[in-house]
Amino acid sequence: MSTKFFREEVEAAVDALLMQQVLLYPTDTVWGLGCDAELPRAVEQVYKLKQRPAEKACIVLVADEQMFARYAEVVPPNLPELLATQTRPTTYVVPGSRHLAPNLLAPDGTIGLRVVLTDEFCQKVVRRLGHGLVSTSANLSGEPTPAIFSEVNPVLVRQADYVARWRQDDETRSLPSRVVRVLPDGSLEVLRD
């Protein structure tokens, strides 16, 4: 794929997000639905599109440790070491901050945050947006998670405000992220491996 096409796709995705729209896009793991993590109305649209119960929290992709700190009420003191040693995308469940759309938080006030380390498309979109990017699998609630674009439910393809063209032909499969809860002492509890 050309560099020009890549840049155009990043710009189109960011434009959609800035207009408070729902994006269907390839994440650093599976295909996902997303929006600006600071906009309650956009978050509501993601839940509505996905037919997801409001009490089921989504995760947020962030560009770096500074953005992680913006959205985490408590940042693990060993976050740099955790990121340096992770072998696959990992979502860290921490107490959420006031900068997030309130309807993103789990009932216990936590949020799952993932620093995008390996996927250039997601990195560029999040960095250009300047805010966290909601990431939830691009499936109707209860359906299988789509690892590749051809597995995304056509209903979601039609209803998303913008469908990224980047990696639509990519058949590479990745697992959903590992999910860990950061405990008060800084240790990790594995929620999904």
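A crossing is left-handed if the near helix is turned anticlockwise from the far one by less than a right angle, and right-handed if clockwise. The crossing of α1 and α5 is right-handed. This is a predicted model, in which local features need pLDDT of at least 70 and side-chain atom pairs count only at pLDDT 80 or more, while totals for chains, interfaces and linings use all residues. Residues are numbered from 1 along each chain as its sequence is written, and side-chain values use heavy atoms, with hydrogens and water left out.

**Helix pair**

- Helix α1 (residues 3-18) packs with helix α5 (residues 120-129) at about 45°, the axes being 9 Å apart (helices are DSSP runs of H or I, at least four residues, and strands runs of E, at least two, numbered from the N terminus; axes are lines fitted to C-alpha atoms, for helices over the stretch in contact, and angles run from 0 to 180 degrees between N-to-C directions).
- α1 is therefore oblique to α5 (under 35 degrees is roughly parallel, over 145 roughly antiparallel, 65 to 115 roughly perpendicular, the rest oblique).
- The contact (heavy atoms within 4.5 Å) includes Phe-6, Val-10 and Leu-17 of α1 and Phe-121, Val-125 and Arg-128 of α5.

**Sheet**

- Nine strands form an open, mixed sheet in the order β7-β1-β2-β6-β3-β5-β4-β8-β9 (two strands pair if DSSP finds at least two bridges between them).
- β7 (162-163) and β9 (188-192) each have a single partner strand, so one side of each lacks a neighbour in the sheet.
- Strands β3 (residues 59-62) and β6 (residues 133-137) run antiparallel, joined by three bridges; Val-60 stands opposite Val-134 in β6.
- α5 packs on the sheet, touching β1 (23-26), β3 and β6, and its direction makes about 140° with that of β1.
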